[in-house]
Structures are given as structure tokens and as C-alpha cells.
Amino acid sequence: MKYLLPFVLLTSLLCPVVRGQGPAVSGNETKVRAVLSNLNQIYPHDWRFVILEEKAWNSVHNKSTEIAFTVRALRTTYIRESFLTTSTIPELRHVMLHEAGHIACACENEHTAELFAQLRQ
Ligand SMILES: [Zn+2]
């Protein structure tokens, strides 16, 4: 985490963020917005999504995930662009529910986040 935080802070500053109703999304946002619109406002209205290109993703020191991660302190969820472009809507929905699980439990526990996602599929 100590290597990750400076990176995400920098990324948060560099990535343009589109603001509208509800959570903000940067980058290739169409698919994320489509899923968000069916999640019944499960994310806080001021939450942000940042889509990371491969180079940015690979520079993240913490490799505990290959798809997405959430930094609650920054109220931001980061999604790997290559996953975004290849995933189906149900796959992306599951990942976004899982990340919402981390927000809901205010924890890093993968089992709790996964249970949250599975209960809402
Ligand atoms: Zn997780």
C-alpha cells in the first residue's frame, strides 16, 4: 500500500474525470456507466472510477489484483482497461459489485466483498 498510494494520488490528478449525475468516471466510460445505471445507486454519489491503461496499471506495485481495486480513502475504484474492453457486461457488473462490497463493509476482506457481490447477482 505504501507504494500504491502515491501512484493513485498521481493518477487521480492526471486522469480527466467526467462529472455528471452520480459517480464520476474517467477514460472509456461507456461500459462502466451502463453497469452503474443498473446497480440501483449502490455506489455513493461522489464516488469516482478511474480506468487505467495497461502502462499505468503495470506500474502499480501492488499486484494483488488483475482486474480492479478500490481505495476507500480516495473514494475511488480503479479498473484495468484491458479487462474493461474484454469483459462482458455481467462480468463487469460482478466486479463492480465486488468493489462495492469493499465499500459497504469498509474492509479489505475478499470473502466479505465477494459475498456482497454474490447476494446481489
Ligand atoms: Zn476485492
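At what angle do helix α5 and helix α6 pack, and how far apart are their axes? In this predicted model, α5 (residues 89-105) and α6 (residues 110-119) pack at about 125°, and their axes are 7 Å apart. Here's a quick tour, starting with the chain as a whole.

**The chain overall**
- You'll find six helices and four strands in the chain.
- Reading from the N terminus, the elements go α-β-α-β-α-β-β-α-α-α.
- The chain has 121 residues, and 29% of them count as buried.
- Take the contacts between residues at least 6 apart in sequence: 57% of those join residues at least 24 apart.

- Strand β3 (residues 68-71) and strand β4 (residues 76-80) run antiparallel, with four bridges joining them.
- Thr70 sits opposite Thr77, which belongs to β4.

**Where α5 meets α6**
- Two packed helices are described by the angle between their axes and the distance between the axes.
- With an angle of about 125°, α5 and α6 are therefore oblique to each other.
- The crossing of α5 past α6 is right-handed.
- On the α5 side, the residues in contact are His94, Leu97, His98, Ala100, Gly101, His102, Ala104 and Cys105.
- On the α6 side, they meet Thr112, Ala113, Glu114, Phe116 and Ala117.
- Sorted by type, the residues of this α5-α6 contact come out as seven nonpolar, five polar and one charged.

Note on methods:
Residues numbered from 1 in each chain as written. Predicted model: local features only at pLDDT ≥ 70, side-chain atom pairs only at ≥ 80, totals over all residues. Pairing = 2+ DSSP bridges. Helix = DSSP H or I, 4+ residues; strand = E, 2+ residues; numbered from the N terminus. Axes fitted to C-alpha atoms, helices over the stretch in contact; angles between N-to-C directions. Parallel < 35°, antiparallel > 145°, perpendicular 65-115°, else oblique. Left-handed = near helix turned anticlockwise from the far one by under 90°. Contact = placed C-beta atoms within 7 Å. Nonpolar A, V, L, I, M, F, W, Y, C, P; charged D, E, K, R; others polar. Buried ≥ 20, exposed ≤ 12 C-beta atoms within 10 Å, placed from the backbone.
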